[in-house]
Amino acid sequence: MKVLQERIRQEGLILSDTVLKVDSFLNHQVDTELALQIGQEFKRVFGHLPINKIITIEASGIQFAMAAAIALGVPFIYAKKKKAVTLSEAVYSAPVHSFTRQEEYLISISQKYLGSGDKVLIVDDFLATGAALIGLVDIVNEAGAELLGVGCVIEKSFQEGRSLLEKRGIPVYSLARIASMAPGEVHFIDNNPA
Ligand code: G4P
Ligand code: NA
Ligand code: NA
């Protein structure tokens, strides 16, 4: 997605070899026009599939899951992050290991809103190590729902997330794929359709 690549080049802050900050338009302050365009792009890629629900994880996946949900005309659910297991209702949950924070946390979705009839698209802001996304995949499987694909806004292709998902046979599409980056220099990979 050209307009997204340009914004990353112009406004992305490369904090290290592996961390890209996009707080001015995606991750803290949000350019809503761009977010809606991102939703339309996910519709272009996944719109031919019989998706009836989109899921993501709080916090920074929410605006893109919502944009995609608006474009596809379906609801979205964001998994909640919980430390404790004291939950007031029946949930599907999965542990996620955070490499950045070196801790384990639980993500959960109420059993009321996801089940065996659902055909799901997962949407998130970053595809990095894939740890959080694999947690969501586990939840979809636990619910007996069908996973039709994973759509991410930015993929750091030099990390292992994509291959972990593809190993499970999941179609992955990212709107901007970064092969490598250094201050003042971002190299993108050309996209193939999902
Ligand atoms: P993932 O590949 O499945 O996202 O999992 P990973 O455990 O690698 O990423 C941990 C968190 O860090 C995720 O946010 C992910 O979006 C974010 N992240 C990974 N790499 C980058 C990066 O280069 N830049 C930025 N800005 N974020 C990155 P999260 O746990 O979902 O938390 P939240 O920020 O959405 O609340
Ligand atoms: Na994030
Ligand atoms: Na995220």
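# Reading a ligand shell and a nonpolar core

The UniProt annotation "binding site", from an unreviewed entry, covers Ala128, Thr129, Gly130, Ala131 and Ala132.

Student: What kind of model is this, and what is the mean pLDDT of the protein?

Tutor: This is a predicted model. Where pLDDT is low, the predicted coordinates should not be read in detail. Here the mean pLDDT of the protein is 94, and 95% of its residues reach 70 or more. The model also scores ipTM 0.91 and pTM 0.95.

Student: Which residues come nearest to ligand 1?

Tutor: One begins with the residues around the ligand. There are 24 of them, and the nearest are Ser60, Phe126, Ala128, Thr129 and Ala132.

Student: Which elements give two or more residues to the shell around ligand 1?

Tutor: They are β2 (20–21), β7 (119–127) and α4 (131–142). Strand β7 provides the largest share of the shell, four residues.

Student: How do the residues of that shell divide into nonpolar, polar and charged?

Tutor: In the shell around ligand 1, twelve residues are nonpolar, eight are polar and four are charged.

Student: Where is alanine 128 placed, and is alanine 128 buried or exposed?

Tutor: To judge burial, one counts the C-beta atoms around a residue, and 20 or more within 10 Å make it buried. Alanine 128 lies in the loop between β7 and α4. Alanine 128 is buried because 23 other C-beta atoms lie within 10 Å. Leaving aside neighbours within four places in sequence, its contacts are Lys156, Gln159 and Gly161.

Student: Why does glycine 130 count as buried, and which residues does glycine 130 touch?

Tutor: Glycine 130 is likewise found in the loop between β7 and α4. Glycine 130 counts as buried because it has 23 C-beta neighbours inside 10 Å. Not counting residues up to four places away in sequence, glycine 130 touches Glu160, Gly161, Leu164 and Leu165.

Student: Which members of the largest nonpolar core touch the most other members?

Tutor: In a nonpolar core, one looks for the members with the most partners. The core here has 58 residues, and Ile54, Ile55, Ala68, Val120, Leu121, Ile122 and Leu136 touch the most other members. Helix α3 (residues 62–72) gives the largest share of this core, seven residues.

Student: With which residues is isoleucine 122 in contact, leaving aside its neighbours within four places in sequence?

Tutor: The contacts of isoleucine 122 are Ile55, Thr56, Leu133, Leu136, Leu147 and Val150. Among them, Ile55 and Leu136 are, with Ile122, members of the core that touch the most others.

Notes
Residues are numbered from 1 along each chain as its sequence is written. Chains are lettered from A and ligands numbered from 1 in the order in which they are written. This is a predicted model: local features need pLDDT of at least 70, side-chain atom pairs count only at pLDDT 80 or more; totals for chains, interfaces and linings use all residues. A residue is near a molecule or strand if its C-beta atom, placed from the backbone, lies within 6 Å of it. Ala, Val, Leu, Ile, Met, Phe, Trp, Tyr, Cys and Pro count as nonpolar, Asp, Glu, Lys and Arg as charged, and the others, Gly among them, as polar. A nonpolar core is a set of buried Ala, Val, Leu, Ile, Met, Phe, Trp, Tyr and Cys residues joined through C-beta atoms within 7 Å. A residue is buried if 20 or more other C-beta atoms lie within 10 Å of its own, exposed if 12 or fewer, and partly exposed in between; C-beta atoms are placed from the backbone. Two residues are in contact if their C-beta atoms, placed from the backbone, lie within 7 Å. pLDDT is the predictor's confidence in each residue, from 0 to 100. UniProt positions are given in the numbering used here, feature names are shortened, and annotations may be inferred rather than shown by experiment.
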